[in-house]
Amino acid sequence: MKMPIRVCGRCGNALSQYNPDLVCAPCSRAGTVPTVPDRAWRDDQVQRALAAWDFGELLRLLRRRSGLSQMDLRALTGLTQSYISDLENGRKQLGSRDSIIDLLNGLGLPSDLRPLLLTPLWDRDRSTVSDTLDPAMPWTADRMVTSLEVAVGGPMKRRSVLTALSGAGLTQSILQSAIAPREALAAGPRDGTRVTIPLLASLQTTTDALRQLDASSGSGTLASTAKQHLQVLLGLMKTGTFDERTGQRLAAVTADTAIQTGWYTFDGGKHEEAQRFFLGALRAAHASADSRLRAAALSFLAIHGYSVGDPREAVTAARTARQIISDQDAPALHAMLLTRQARGHARLREERHALAALEEAEALCAKGPGEDDPHWLYWINPGEILGQRGSCFLELGRPIDAATAFAAARGMLSRDETRTRAQFLSRAATAQMRAGDADAGCATGQEVLTMVDGIQSARLDEHLGSMLREARQFNSAAPAGQLLDRGEALLKDRARV
């Protein structure tokens, strides 16, 4: 009887019949970096453990199917051997989204198995959940509403993990927004409110008022209010009566509100939750037939990309948005999108592309607003473009040029938009100190600290932290010591709020 062929658990080559070990002699001698072979992932029991989120059982099964030791898994995942043992024996569980993502990425989870993580997501119809997550499925009004309901509902652990593990989905959403057929939106008669244009104008006024508050006092107190406002709009979308024209207008107000809700959430430091709002807003903007709103949603996805995600997605989002509005007389909107594109290029250290985008943005901004520029883009001006130039120079490692750009920008920024002004000046102080001008940097820093009282913004706090880290290099100088004492005390107080 012919013996079954055994293979090395590391390289996959056939094992000698005289080798009792689970790895071949070359791998044993060379200390080959361990990997989980694809065949181990194809085991039915492994896939059931993955679908059940039983990560202890998953590790145990993968080790048995791969011939790996707990020390091999330690090398792959960064977890200690004792922690792996506790996981396998049910004494501990993975609790955070980031730890789950790190584990699965370390193990090399194949991309085609990632949807298995959705298996226990909801008790409701799972096909609806999968369809909503998949940007390749037809874009419908129902899927748009569902995507925003998920965002309003708060963090969803399994959905968040899957989103973080599959960056390709974001790129597909960006591209799909440019080519998908528009949704039909007429609905009625139904039991809910009859939706009218005056009603929607009133709801838009609320969105605009929240936007103005954010520019002056930050987002800290706005996110929950904006979510409630968005829920009203989603309720109208689900139960209201409206014709096609009114439905498009309802989708437009919903998109604008979802964008702003996402922004307040992002400014509050909840980045994954914010991305869900931006993606839902992109769908609502698509349904509204307003290409400018689609561009706005894409611009915020670009901010997410260059700030906490993949800068390449920032470039893709901004470029796609500019293609979408290519028929619009909207130089200010194009200029804003070019600054987003420039920030992505700067993060990628693509200096030539970043500076070219900024130069084009400055030329467009100089033209003034066009007939199609939206009302909510009131804040685009030469000072904003110069400030973005300064931020790009900081990313590119050119602090002297950054300090020059920020200095030129500060006189053009509105004093009413305190949060925005404080962020720019904190970066200006950072640039001055990196350029070696500690006195100027500390003086600007003191000015910033005077401004921030009452402003609640996690992003601003991050900028303040960066500014203080630069000041520590000059700690022996009196101005730096004074800035650090005041700044660190202020950040501690803000953390308690």
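Modeller: Let's start with a term: a residue is buried under 20% relative accessible area, exposed over 50%, and partly exposed in between, using a 1.4 Å probe and protein chains only. E362, at 28% relative accessibility, therefore counts as partly exposed.

Colleague: Before we go on, what kind of model is this, and how are residues numbered?

Modeller: It's a predicted model, where local features need pLDDT of at least 70 and side-chain atom pairs count only at pLDDT 80 or more, while totals for chains, interfaces and linings use all residues. Residues are numbered from 1 along each chain as its sequence is written, and side-chain values use heavy atoms, with hydrogens and water left out.

Colleague: Fine. How do I read a salt bridge here?

Modeller: The general idea is that side chains of opposite charge can pair when their charged atoms come close. The cut-off is a side-chain nitrogen of Lys or Arg within 4 Å of a carboxyl oxygen of Asp or Glu. By that rule, this model has 23 salt bridges.

Colleague: Which residue does E362 pair with?

Modeller: E362 meets R389 in a salt bridge, at 2.9 Å from N to O. That pair links distant parts of the chain, with E362 in helix α19 and R389 in helix α20 (residues 382–395), 27 residues apart. Helices here are DSSP runs of H or I with at least four residues, numbered from the N terminus.

Colleague: And is R389 buried or exposed?

Modeller: R389 counts as buried because its relative accessibility is 13%. Salt bridges with shared partners also join D214, D267, R419 and R459 into one network.

Colleague: What about K92 and D86?

Modeller: Their side chains form a salt bridge at 3.8 Å, N to O. K92 is partly exposed at 38%, whereas D86 is buried at 16%.

Colleague: How does the R42 and D38 pair look?

Modeller: Those side chains meet at 2.9 Å, N to O, in a salt bridge. R42 is partly exposed at 33%, and D38 is partly exposed too, at 42%.

Colleague: Now backbones. Which phi should I look at around A289?

Modeller: A289 has a positive phi of about 65 degrees, although it is not a glycine. You'll find A289 in the loop between α15 (271–288) and α16 (291–308). With 43% relative accessibility, A289 is partly exposed.

Colleague: Where does R349 sit?

Modeller: R349 is in the loop between α18 (331–347) and α19 (351–366). R349 is not a glycine, yet has a positive phi of about 65 degrees. R349 counts as exposed because its relative accessibility is 53%.

Note on methods:
Helices (H or I, at least four residues) and strands (E, at least two) are DSSP runs, numbered from the N terminus.
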